[in-house]
Amino acid sequence: MKRLAVVLIVAVASFCLAGSAFAGNLAPGQMTKCNNAGSITLENAGGGGVDRGEANASVWKSSNFTTVAISLSPNANNGFPGNGGGSAGNAKVHMTSKHSMGQNKVVLNSQTNFSRGDSIGDISGEVRITNTGTVGINVNCG
């Protein structure tokens, strides 16, 4: 009887951990939750020419009741491409090119030095991720 109880407890615990470790792929308009995660990874799931491949998410945190917008835009220019290797202004003042592309993935890490709600980046408690864009997002609660 004790073995059966131990096996049942281990099975339930494994199922709960497996369910919370990977939240899955969020289609546009869908929402998922992470609870007391050590880290949360948001990754652009692609989309080609749809909205230039930009994935947008809204992240609500119960620790401080704030919402943060995140855009994952690996195909977007985030600088001054200009003519040739940089913008005309860069060439005139002999600066290096400030051209860069957007990111494909972002990782939100828990911050143990803050008490609950002290930091705008605090991901303790419940975190709700809503896909507000037109491209899918892969979410992993670690």
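This is a predicted model: local features need pLDDT of at least 70, side-chain atom pairs count only at pLDDT 80 or more; totals for chains, interfaces and linings use all residues.

## Overall layout

Of the 142 residues in the chain, 28% are buried, and the chain exposes about 8,700 Å², of which carbon and sulfur atoms supply 59%. Among contacts in the chain with a separation of 6 or more, 74% are between residues 24 or more positions apart.

In soluble globular proteins, nonpolar side chains tend to be buried together. Here the largest nonpolar core has 17 residues, and those touching the most other members are Cys-34, Ile-40, Leu-42, Ile-129 and Val-139. At least two residues of this core come from each of the strands S3 (39-44), S4 (55-61), S5 (66-72), S7 (126-131) and S8 (137-141). Leaving aside residues up to four places away in sequence, Cys-34 touches Ile-40, Gly-125, Glu-126, Val-127, Ile-129, Val-139 and Cys-141.

## The aromatic pair

A search of the whole structure finds one aromatic pair, formed by Trp-60 and Phe-65, whose arrangement is tilted, with 5.9 Å centre to centre and 55 degrees between the planes. The table gives the exposure of these two residues.

| Residue | Relative accessible area | Class |
|---|---|---|
| Trp-60 | 22% | partly exposed |
| Phe-65 | 64% | exposed |

Neither residue counts as buried, because that class requires under 20% relative accessible area, whereas Trp-60 has 22% and Phe-65 has 64%.

Conventions: Residues are numbered from 1 along each chain as its sequence is written. Side-chain values use heavy atoms; hydrogens and water are left out. Buried means under 20% relative accessible area, exposed over 50%, partly exposed in between (1.4 Å probe, protein chains only). Contact means heavy atoms within 4.5 Å. Accessible areas come from the Shrake-Rupley method with a 1.4 Å probe; for residues, only the protein chains shown count as cover. Rings of Phe, Tyr and Trp (its six-membered ring) pair if their centres lie within 6.5 Å; planes under 30 degrees apart count as stacked, over 60 as edge-to-face and the rest as tilted. A nonpolar core is a set of buried Ala, Val, Leu, Ile, Met, Phe, Trp, Tyr and Cys residues joined through side-chain atoms within 4.5 Å. Helices (H or I, at least four residues) and strands (E, at least two) are DSSP runs, numbered from the N terminus.
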